[in-house]
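Here is a short report on one protein model. Look over the sequence and the structure first, then read on.

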Amino acid sequence: MPKNRDGDIVEVPPKDEEELMLEKLVFGDLAGLENNLRKVDNLFDFDDEEEVVEELDEENDSEDLDDVQDEDLFYIDEGVQGDENDSDHMDEDVDSESDDAELEDELEDGEDAWVDSDDEKLNISLTSSDRLKKLRKTPEDDLISGKAYMLRLRSQFEKIYPRPAWVDKLAQDDDEEDDEETNSSDDDIVLDDEEGNQDQVNGKETAALSKLLSSTHQFIVTKQLKLISPSRISITRLKDANYQKLSKGAIQAISFHPTHPILLTAGFDKTIRLYQIDGKTNNFITSYFLKNCPIMHSQFFPQADRNIIYAAGRRKYMNKVNLNTGEIEKISRMYGHEQVQKSFESFKISPAGSFIGLIGNSGWFNLINGTTGQWIKGFKVEGTVVDFDFAFDESFVVVVNSAGDVWEFELKGKLSSKSENKILRKWSDDGGIGITKIKLGGRNNSRWLAIGSNTGVVNLYDRQNFNSTTATTQPKPFKTVENLVTSISSLVFNPDGQLLAIASRGKRDAFKLVHLPSGSVYSNWPTSGTPLGKVTSAVFSPNNEILAIGNEAGKVTLWRLNHY
C-alpha cells in the first residue's frame, strides 16, 4: 500500500472508465498482447496479409479514394476490347520480357566497370512508389529482379536524354583505329589535367578531336544579307554551352571555331574547355590545363585548317595550342623589346590571321607574326593604350588611349622595324574620357566604329562619313548609346555588321543589343527576367545565328537569333 511522508497508509481510489481507456491506448491490454503474439507465426505470410488488406479495402473503399493519386485512378487501355483481352495482356508481358532481354544483351556486350552480385538476388516492387510506377510496361508489372530494374532505369534515362549519334560514330571509329594503331610509346603525349598533374595518354583524345574537326558539319554562312528589324528582335534561349562541364571561375574569354560548331571557354581556372555546340546537348569535347597561367584572353586562330588556339594571361609569354597534335607551345619572341611588352594578356588576332596585336606598356602597341610569333613592329602613341582593333581587310589598325585619342596606322605593304609608321588619321572621340574599348564592325571595309567609356556611354561612328581629304577632321558620332551606367567591358559586332553587343561586368544584367545602321537599342530583349548575371564576355557565331554570353558565375548561356 502507498504511504505518505509521515508513513501513514494512503488509500488509492479505484480507476475510473476514462483512466482505464487512456491506459489501454498508451500501454495496451492483455487481450491485445495475446492477439499480437498469435500473429508472430504468420508475420512473414504475405498471402494472409494480402487477404486482410483486401478485406479492409472492400470495407473502406470510398474513404481510401481520397488519398489516391489522379494518375492511379485512370488507365488508358489501348488494346482490343472483348475476348482478346487476355491474349493481349499475354503479348504485352512477352514483349516486356523480350525488351528486357534485348537490353540485357546490349548490356552484356559492353564491359562493366563494376558488377554487384546482389543485383540478381534482389526483387523490387514497381508499385511501391509513384516514381517506380513509371517503369512499368504493363499495369500488371510488379516484382522484377535487380538486373531488370537496372535495365529499365537505363532505358528510361535514354528516353529523356537520347544517346547522340556522334558518340556511336566515334566509338566505331575508335574500334577501327584500334586495329591499325601500334603500341609504340613514341606516340604518347604528356598533357596537364585540371589539377595540374601530368598523365601519360596515348593520343586517342587528340585523334578523336582531330577527326571531329575534319568530319563534323560546318557552319552554313548565308551569303545573302537579311535585314533585321530595328524595333524588335526574335531570340530563343538554348541549352547552356558548358552545362556538362562548368568553369571553376569567371568566363574571361569565349570564341567560336571559324568553320565548325565548336566553342572554347577560358578563365582564371587556367583551363581551356571545348564544346560541340548543337543547342541541345552541347557535348563536352576536351580541355587543356595551362599550368601557372590564369587565362585573361583566348581565341581560335582564324585560319580553319590550322586548328590552333592562342591563350594568354598576365605572363611574359603566350600559349599556342595545336588541336591536331595536342602540343602546347610558348611564344615570347620579342627579341630586345621585352621592356615594352611585359605581359601578353591583352591580344587580338587579325581577321585573316596575318598579325597578332599586343597592348604594351608606356604607350606601346606591338605587332607579331600570326604564324611564327616573331615581333614585327611597334607603334608608340601618347598616353596609355587601352584597346585596339584590326580592319576586316587588315589594311589598318585603330589604337585608342584612355583620353579618347584615336590613331589609324596603315598595315598595307611591307612592314619592317625600320619603316616609318604611316598614320592614316588621328582624331579624338567626341566627349570621350576614360575610354575602355574600341571595336570595328561590318564586312564592308569595316564601316562601323564603336568606342566605349567607363561611364557606360558608347559612341557609334559611320566611317563612310569620315572626310578622307584631311586626316585631322574630327568625326562626329551618328548615335550615342547611354543605356548602361557602368564601365563598358565588351563591344562585339556580329559578322554581317547589323548588331552590336555592349556589356558591362560592373553590374548584373548590364547587356544591350544595338541595331545598325539605325543605332536603336532593342527594348524587348534582354528583359528583367533574362538570366545573364554579370556579363564578362560575349561572341557571335560565324553564321550570325548564335550569341554566346559568359558571366562571372562560370556559365555560358546560348541564344539563337531567329532572324537568321
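Where is the place of Pro517? Pro517 sits in the loop between β28 (511-515) and β29 (535-540). Keep in mind that this is a predicted model.

## Two cis peptide bonds

The loop that holds Pro517 runs between β28 and β29. The peptide bond from Leu516 to Pro517 is cis. Its omega is near 15 degrees.

Pro526 is also found in the loop between β28 and β29. The bond from Trp525 to Pro526 is cis, with omega near -5 degrees.

Helix α1 covers residues 17-27. How many of the 11 residues of α1 are buried? The number is 0, so α1 lies largely in the open. Glu19 belongs to this helix. Its relative accessible area is 40%, so Glu19 is partly exposed. Gly28 follows α1, and its phi is positive, near 80 degrees.

Asp16, Glu17, Glu18 and Glu19 gather in a patch of negative charge. Met21, Leu22, Leu25, Val26 and Phe27 make a nonpolar patch of about 620 Å². Met21 is placed in helix α1.

Glu23 takes part in a salt bridge with Lys15. The closest N and O atoms are 2.7 Å apart. Glu23 has 31% relative accessibility and counts as partly exposed. Lys15, at 45%, counts as partly exposed too.

## Helix α8

Helix α8 spans residues 146-160 and has 15 residues. From its first C-alpha to its last, α8 reaches 22 Å. That is close to the 21 Å expected at 1.5 Å a residue. Which residues are buried in α8? Gly146, Ala148, Leu151 and Arg152 are buried there.

## Buried residues in loops

Asn307 lies in the loop between β10 (295-300) and β11 (308-313). Its phi is near 50 degrees, a positive value in a residue other than glycine. Is Asn307 buried or exposed? Asn307 is buried, because its relative accessible area is 9%, and the cut-off for buried is under 20%.

Glu394 is found in the loop between β18 (385-390) and β19 (396-401). Phi of Glu394 is positive, near 60 degrees, and Glu394 is not a glycine. At 11% relative accessibility, Glu394 counts as buried.

Gln498 lies in the loop between β26 (490-493) and β27 (499-503). With 5% relative accessibility, Gln498 counts as buried. Gln498 and Gly442 are 56 residues apart in sequence. In space they are 7.5 Å apart, C-alpha to C-alpha.

## Salt bridges

Side chains of opposite charge can pair when their charged atoms come close. How many salt bridges does the structure hold? The count is 14.

Arg447 and Asp462 meet through their side chains in a salt bridge, at 3.0 Å from N to O. The pair links distant parts of the chain, 15 residues apart. Arg447 is in the loop between β22 (435-441) and β23 (448-453), and Asp462 is in strand β24 (residues 458-462). Arg447 is partly exposed, at 25%. Asp462 is buried, at 9%.

The side chains of Glu545 and Arg560 form another salt bridge, at 3.2 Å from N to O. This pair also links distant parts of the chain. Glu545 is in the loop between β29 and β30 (546-551), while Arg560 is in strand β31 (residues 556-561). Arg560 counts as partly exposed, at 30% relative accessibility. Finally, a network of salt bridges links Glu408, Arg425 and Arg463.

Key:
Residues are numbered from 1 along each chain as its sequence is written. This is a predicted model: local features need pLDDT of at least 70, side-chain atom pairs count only at pLDDT 80 or more; totals for chains, interfaces and linings use all residues. Side-chain values use heavy atoms; hydrogens and water are left out. Patches are made of residues with over 30% relative accessible area and no salt bridge: like charges are joined within 9 Å, nonpolar side chains (Val, Leu, Ile, Met, Phe, Trp, Tyr) within 5 Å. Accessible areas come from the Shrake-Rupley method with a 1.4 Å probe; for residues, only the protein chains shown count as cover. A salt bridge is a side-chain nitrogen of Lys or Arg within 4 Å of a carboxyl oxygen of Asp or Glu. Lys and Arg count as positive and Asp and Glu as negative; His and the chain ends are not counted. The place of a charge is taken as NZ of Lys, CZ of Arg, CG of Asp or CD of Glu. Helices (H or I, at least four residues) and strands (E, at least two) are DSSP runs, numbered from the N terminus. Buried means under 20% relative accessible area, exposed over 50%, partly exposed in between (1.4 Å probe, protein chains only). The expected span of a helix is 1.5 Å times one less than its number of residues.
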